Amino acid sequence: MKIQADALLFDNDGTLVSSLDSVYRCWSRWAAEYGITAEEFAGVELHGRPAAEIAADLLPAARVPEAVVRIEQLEVEDVAGGVHLLPGTKALLDSLPADRWAVVTSATRRLGEARLAEVGIRPKNLVAADDITRGKPDPEPFLLAARRLGVDPARCVVFEDAPAGLQAGRSAGMTTVALTTTHRAAELTADVVVEDLSAVAVLVTDGGVELTVGE
């Protein structure tokens, strides 16, 4: 499958890198500190959502700001050795001009940059939880990324592993590519579904970016 685009927008965790072990380790510790039961914790979707929204699902509103600071601290401290590149990430990003792509993460800027730096990725453009008022599945994060890159949302391709992120991409009017790195294909609604970024090849042209996406 070939896709023509002006810019590529990448989720971070589960798309470019994996920090799943770190995420669950830190959030489990956080939940224990805040007296959240295993049943309560299991009922909340963690992946692909801003920490503030997760905390708001589990705690009274007055405790959320402090709780968000705490989970960020735990996760930043756990970055060293807790993050690794997913297949295809380095080759794909190395083939792209810096102004043709952005990372759109539900993490805070501090945490997102720390995770990316751990694996040697320093994007020119990063949209983080600090930059938005509504996180995925709202389209705001991806629309902001398109605006910062100066491109039409309809000419953007979103790469995501989580249902919330794919919904955000669809709502933004963008082409969506789902990766089965954290969810089964049956759980993902996208224009195309692949195993990981190693299934994506890029040709940069004067008119934009031509993607060849395999199964």
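Leucine 211 touches Met1, Lys2, Ile3, Leu8, Val157, Phe159, Val200, Ala201 and Val202, leaving aside residues up to four places away in sequence, where contact means heavy atoms within 4.5 Å. This is a predicted model, in which local features need pLDDT of at least 70 and side-chain atom pairs count only at pLDDT 80 or more, while totals for chains, interfaces and linings use all residues. Residues are numbered from 1 along each chain as its sequence is written, and side-chain values use heavy atoms, with hydrogens and water left out.

**Nonpolar cores**
- Leu211 is, with Leu8, Phe10 and Phe159, among the residues with the most contacts inside the largest nonpolar core, which has 31 residues; such a core is a set of buried (under 20% relative accessible area, 1.4 Å probe, protein chains only) Ala, Val, Leu, Ile, Met, Phe, Trp, Tyr and Cys residues joined through side-chain atoms within 4.5 Å.
- Strand β11 (residues 208-213) gives the most to this core, with three residues; strands (E, at least two residues) and helices (H or I, at least four) are DSSP runs numbered from the N terminus.
- A second, separate core of 20 residues includes Val44, Val64, Ala67 and Ile71.

**Arginine 100**
- Arginine 100, in the loop between α5 (89-94) and β5 (101-104), touches residues including Asp6, Leu8 and Val209.
- The side chain of arginine 100 reaches the backbone oxygen of aspartate 6 at 3.2 Å.

**Helix α7**
- Seven of the 10 residues of helix α7 (residues 140-149) are buried, among them Phe142, Leu144 and Leu149.
- The cover over these buried residues includes β2 (7-10), β5, β6 (126-127), β7 (156-160) and α8 (163-171).
- Just after α7, glycine 150 takes a positive phi of about 75 degrees.

Definitions and conventions: Polar contact = N/O pair within 3.5 Å; in protein donor to acceptor, adjacent residues only side chain to side chain. Buried < 20%, exposed > 50% of the residue type's maximum accessible area, 1.4 Å probe, protein only.
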